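Visitor: I would like to go through this model with you. Could you put it up for us?

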Amino acid sequence: MTHVLILGAGGQIARVATDLFLKATDVQLTLYLRNARRLQYLDNSDRVGIVEGDVLDKKTLRSAMAGQDVVYANLSGRLEEQAKNIVETMRATGLKRLIFISSMGIYEEVPGERYRSVLDPYRNAARVIEASDLDYTILRPEWLNDRDEVEYGLTQKDQPFKNPTATVSRKSVADLVVRLATTPGLEIRSSLGVHKPE
């Protein structure tokens with residue numbers, strides 16, 4: 001059985017991914033977030049463990065990583081520091097597989113757009129991850145919606161982002177996370193743009 005640690009488990013994409021993991025796989029989940037009360041509705045699942053903690057708390061994070069196979073990070077805030085702590089802690093615990101949610105525009109790959117300082121935390125976090133020896137996949141979704149649909153296309157880091165004025169569903173991004181977490185070797189050391197097909 002695969003064990004997946006979800007960092008930032010109270011986030012919108014992470015909640016959809018949690019639901020998909022539980023419905024479509026036999027994965028064992030550890031949900032890591034600052035306020036565990038937000039996920040009280042999951043307390044009765046024998047496939048879910050909940051850890052209250054900050055990603056910058058090295059001791060708690062290291063404990064949560066013990067016995068995991070995959071780390072999926074869906075974070076906000078001090079992203080570069082969080083990325084550094086995740087990389088260091090994964091290295092210390094021998095974990096290799098990381099799925100990290102970022103944003104479109106971090107490589108200036110959106111035709112005709114220049115996203116400046118607002119994306120610096122995402123850019124810097126991606127640099128930290130890409131400089132590591134981890135088996136990472138960075139996801140760069142476009143603007144998000146809450147539609148109940150799974151429909152998305154992908155671009156690689158060196159390709160222009162497609163259809164950037166559209167929105168892609170959180171469920172689509174969550175579906176990709178589940179596929180990446182449960183398919184060994186899929187898109188290792190890749191940075192994927194996630195868009196709504198034209």
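Guide: Helix 3 and helix 4 are roughly parallel to each other, given that angles under 35 degrees count as roughly parallel, over 145 as roughly antiparallel, 65 to 115 as roughly perpendicular and the rest as oblique. Helices (H or I, at least four residues) and strands (E, at least two) are DSSP runs numbered from the N terminus. This is a predicted model in which local features need pLDDT of at least 70 and side-chain atom pairs count only at pLDDT 80 or more, while totals for chains, interfaces and linings use all residues. Residues are numbered from 1 along each chain as its sequence is written, and side-chain values use heavy atoms, with hydrogens and water left out.

Visitor: At what angle do helix 3 and helix 4 pack, and how far apart are their axes?

Guide: The angle is about 15 degrees and the axes are 8 Å apart. Axes are lines fitted to C-alpha atoms, for helices over the stretch in contact, and angles run from 0 to 180 degrees between N-to-C directions. The crossing of this pair is right-handed; a crossing is left-handed if the near helix is turned anticlockwise from the far one by less than a right angle, and right-handed if clockwise.

Visitor: Which residues of helix 3 and helix 4 meet?

Guide: From helix 3 come Leu79, Glu80, Ala83, Lys84 and Val87, and from helix 4 come Pro121, Tyr122, Asn124, Ala125, Val128 and Ile129. Contact here means heavy atoms within 4.5 Å. The residues of this contact divide into 8 nonpolar, 1 polar and 2 charged. In that division, Ala, Val, Leu, Ile, Met, Phe, Trp, Tyr, Cys and Pro count as nonpolar, Asp, Glu, Lys and Arg as charged, and the others, Gly among them, as polar.

Visitor: Which residues of helix 4 are buried?

Guide: In helix 4 (residues 120-130), the buried residues are Arg123, Ala125, Ala126, Val128, Ile129 and Glu130. Buried means under 20% relative accessible area, exposed over 50%, and partly exposed in between (1.4 Å probe, protein chains only). Their cover includes helix 3, strand 5 (97-101), strand 6 (135-141) and strand 10 (190-195).

Visitor: Back to helix 3. How does helix 2 pack against it?

Guide: Helix 2 (residues 58-65) packs on helix 3 (residues 79-93) at about 50 degrees, with the axes 10 Å apart. That makes helix 2 oblique to helix 3. Their crossing is right-handed.

Visitor: Is Met90 buried or exposed?

Guide: Met90, in helix 3, counts as buried because its relative accessibility is 0%. Leaving out residues up to four places away in sequence, Met90 touches Met65, Val71, Leu95, Lys96, Arg97, Leu98 and Leu134.

Visitor: And Lys96, where is that?

Guide: Lys96 is in the loop between helix 3 and strand 5, and at 35% relative accessibility Lys96 counts as partly exposed. A polar atom of the Lys96 side chain lies 2.6 Å from the backbone oxygen of Asp133. A polar contact is a pair of N or O atoms within 3.5 Å; within protein, one must be able to donate a hydrogen and the other to accept it, and residues adjacent in sequence count only if both atoms are side-chain atoms.

Visitor: What about phi at Glu108 and Arg189?

Guide: Glu108 has a positive phi of about 55 degrees although it is not a glycine. Arg189 likewise has a positive phi of about 55 degrees without being a glycine. Glu108 lies in the loop between strand 5 and helix 4, and Arg189 in the loop between helix 5 and strand 10.

Visitor: Lastly, how do helix 1 and helix 5 cross?

Guide: The axes of helix 1 (residues 12-24) and helix 5 (residues 170-182) come within 8 Å and cross at roughly 55 degrees. The two are therefore oblique to each other, and the crossing is right-handed. The residues of their contact divide into 10 nonpolar, 2 polar and 3 charged.
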